[in-house]
Amino acid sequence: MTMANTVARAARRGGVRVAEILLLPVVLIALWWGYSVVSASYYTATPGEIATTFGEVWFSERFMVDVVPSVGLLLAGFALAAVLGTTLGVVLGLSPNTRATVEPVLEFFRAIPPPVLVPLLMLLIGVNTPMKVAVIVSGCVWPVLLNTIEGVRGVDPVLADTCRCYGVRGRRWLTTLVLRSASPQIMAGLRQALAIAIILMVISEMFATTSGLGFSIVQFQRSFAIPEMWSGIVLLGLLGVTLSIMFAWVERRVLRWYHGVRAAARDE
Amino acid sequence: MLDVNGLQKIYGGGEREVEAVRDLTFRLEEGELSCLVGPSGCGKTTLLKCVAGLLRPTAGSVSLAGHAISGPPRDMAVVFQEYGRSLFSWLTVRGNVELPLKEKKLGKGRRDSLVNEALQAVGLADSAESYPWQLSGGMQQRVAIARAIAYEPRVLLMDEPFAAVDAQTRADLEDLIRGLWKRFAMTVLFITHDIDEAVYLGQRVLVLSSSPTVVQDDIAVDLPDERDQLSTRSDQRFTALRSLVYTEIQNAKNGPAAPSPAAP
């Protein structure tokens with residue numbers, strides 16, 4: 001087979017994949033377009049309008065004023081929740097006694113929907129960035145915490161015995177045995193937390209603030225800037241997709257062994 | 001060298017307590033290769049865990065070179081039956097073998113030479129950079145054996161290490177163990193449920209009774225030192241020893257400490 005042949009075949013395969021990915025969005029946009037033109041409602045902007053507005057609104061100083069701080073907020077809250085959830089999860093996962101004492105209380109706090117904490121945190125912390133980060137953390141920490149506990153509890157006893165026999169303890173025991181064993185569950189928790197972080201970022205910015213993505217979208221809606229409002233929603237969607245693609249990239253690297261083990265088990 | 005004295009292990013407490021091991025006493029001499037056989041469920045694994053310092057016995061003691069064992073001793077290595085579960089899937093073959101050496105605080109050069117020598121000895125020099133899940137079952141167990149050897153133990157414990165591999169691989173691994181035992185001058189305690197394997201491998205076979213366990217018999221294997229899968233296994237003496245161990249295990253099943261028949 002010639003080189004050109006291989007390249008052509010790969011290109012054809014790539015082309016098919018791109019078509020697969022784009023097919024449904026194109027159909028949906030077309031339907032939306034048709035609907036918005038026919039309905040002629042004031043509240044349904046056409047995709048063309050939204051696209052034009054998108055460029056005008058977000059590729060301006062607004063990007064630095066509203067988008068960058070919001071994304072920073074999201075990442076800060078997510079990172080803090082990740083560290084907090086994993087640390088606490090390891091402690092609780094390793095100690096059945098502590099777990100028995102703490103678990104009922106955790107269940108209670110977990111049951112509280114984080115958005116209702118916003119007014120409370122506003123009173124306690126004030127209307128500022130730490131308050132918004134606290135809202136995000138209060139929602140994101142749970143999936144990380146609970147998944148980490150499960151992961152740590154699930155460390156293979158044979159592997160734990162192996163570590164004891166060979167004197168693997170302390171830091172190396174924690175990183176090589178406990179955290180790596182639990183990493184598939186920790187990553188699953190982080191993936192859920194990322195989705196929650198986006199929601200809570202928007203919600204935390206909808207109350208009594210003067211900047212940010214959530215604030216902007218509510219502001220556009222109140223001032224009947226309909227295409228602008230739509231473009232904000234589209235931006236949030238794109239942000240979510242970008243973050244989840246980046247997360248999947250990291251996960252593929254961190255959990256390469258895990259997918260390998262599962263593939264090997266399937267082949268048997 | 002390794003002394004097991006009046007070892008007893010009772011699990012649980014109150015009404016539901018189970019006496020897994022009643023009263024075990026035996027001694028392994030320095031450099032000896034002994035096999036332990038017994039009927040299934042006779043507490044072989046409990047015994048191994050007590051000897052390895054992973055379980056605290058209810059009564060009695062285990063001592064290594066005169067020192068009582070209270071936790072896993074530094075100069076003892078263990079190979080478990082569940083090779084897949086005793087290897088770190090996220091470390092390469094080299095990483096798995098090297099990990100205990102890092103904990104021993106050995107320098108990089110020393111670690112490398114120990115790892116390379118061990119992998120060479122088990123025939124895995126070419127797979128050092130692979131991950132365990134990329135290897136077959138027999139190869140994975142070789143990794144676990146290499147890890148044990150690189151640790152430079154004085155005592156090597158093996159808990160039914162070949163129970164989960166196919167017959168051909170098993171024969172290869174048996175010969176590998178005989179070879180490694182001679183080359184690295186270790187004391188080896190090999191636990192198995194397979195009578196043929198026990199007689200083929202050991203200088204001595206300890207037969208355990210059914211639970212609650214005692215030592216049923218202690219049989220010296222007077223086969224030539226050079227063993228070979230074909231000729232040793234067809235040797236008349238091998239057959240005789242195998243029958244003897246088999247009879248002992250049948251006795252063990254019928255009741256602990258039944259009188260042993262005269263040696264053939």
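Leaving aside its neighbours within four places in sequence, which residues is Val152(A) in contact with?

## Basis

The model is predicted: local features need pLDDT of at least 70, side-chain atom pairs count only at pLDDT 80 or more, and totals for chains, interfaces and linings use all residues. Residues are numbered from 1 along each chain as its sequence is written, chains are lettered from A and ligands numbered from 1 in the order in which they are written, and side-chain values use heavy atoms, with hydrogens and water left out.

Beyond its neighbours within four places in sequence, Val152(A) is in contact with Gly89(A), Val90(A), Gly93(A), Leu94(A), Val178(A) and Ala182(A); contact means heavy atoms within 4.5 Å. Ala182(A) is 30 residues from Val152(A) in sequence, yet the two C-alpha atoms are 5.3 Å apart. Val152(A) counts as buried, at 5% relative accessibility (buried is under 20% relative accessible area, exposed over 50%, partly exposed in between, with a 1.4 Å probe and protein chains only).

In chain B, Ser34(B) belongs to strand S3 (residues 33–37) and is buried, with a relative accessible area of 0%. With neighbours within four places in sequence set aside, Ser34(B) is in contact with Leu28(B), Val188(B), Leu189(B), Phe190(B) and Arg204(B). Helices (H or I, at least four residues) and strands (E, at least two) are DSSP runs, numbered from the N terminus.

## Helix H6 of chain A

Val152(A) is placed in helix H6 of chain A. This helix (residues 129–153) has 25 residues and reaches 35 Å from its first C-alpha to its last, close to the expected 36 Å; the expected span is 1.5 Å times one less than the number of residues. Of the 25 residues in H6(A), 19 are buried.

At Cys140(A), H6(A) bends by about 35 degrees, and Pro143(A) follows within four residues. The bend is the angle between axes fitted to the seven residues ending at a residue and the seven starting there.

## Interface between chains A and B

In this interface, 27 residues of chain B are in contact with 23 residues of chain A. The buried area is about 2300 Å², of which carbon and sulfur atoms give 64%; buried area is the accessible area (1.4 Å probe) that two parts lose on being put together, summed over both. Trp90(B), Glu103(B) and Trp133(B) supply 34% of the area that chain B buries against chain A, more than any other three residues.

Three salt bridges are counted between the chains, where a salt bridge is a side-chain nitrogen of Lys or Arg within 4 Å of a carboxyl oxygen of Asp or Glu. Glu103(B) and Arg172(A) meet in a salt bridge (3.1 Å, N to O).

## Salt bridges within chains

Over all chains, the structure holds 30 salt bridges. In chain A, the side chains of Arg110(A) and Glu107(A) meet at 3.5 Å, N to O. These two are three residues apart in helix H4 (residues 96–111), and are therefore separated by about one helical turn.

In chain B, Arg170(B) and Glu197(B) form a salt bridge (2.9 Å, N to O). Arg170(B) lies in helix H6 (residues 167–184) and Glu197(B) in helix H7 (residues 195–201), so the pair ties together parts 27 residues apart in sequence. Both are buried: Arg170(B) at 14% relative accessibility and Glu197(B) at 2%.
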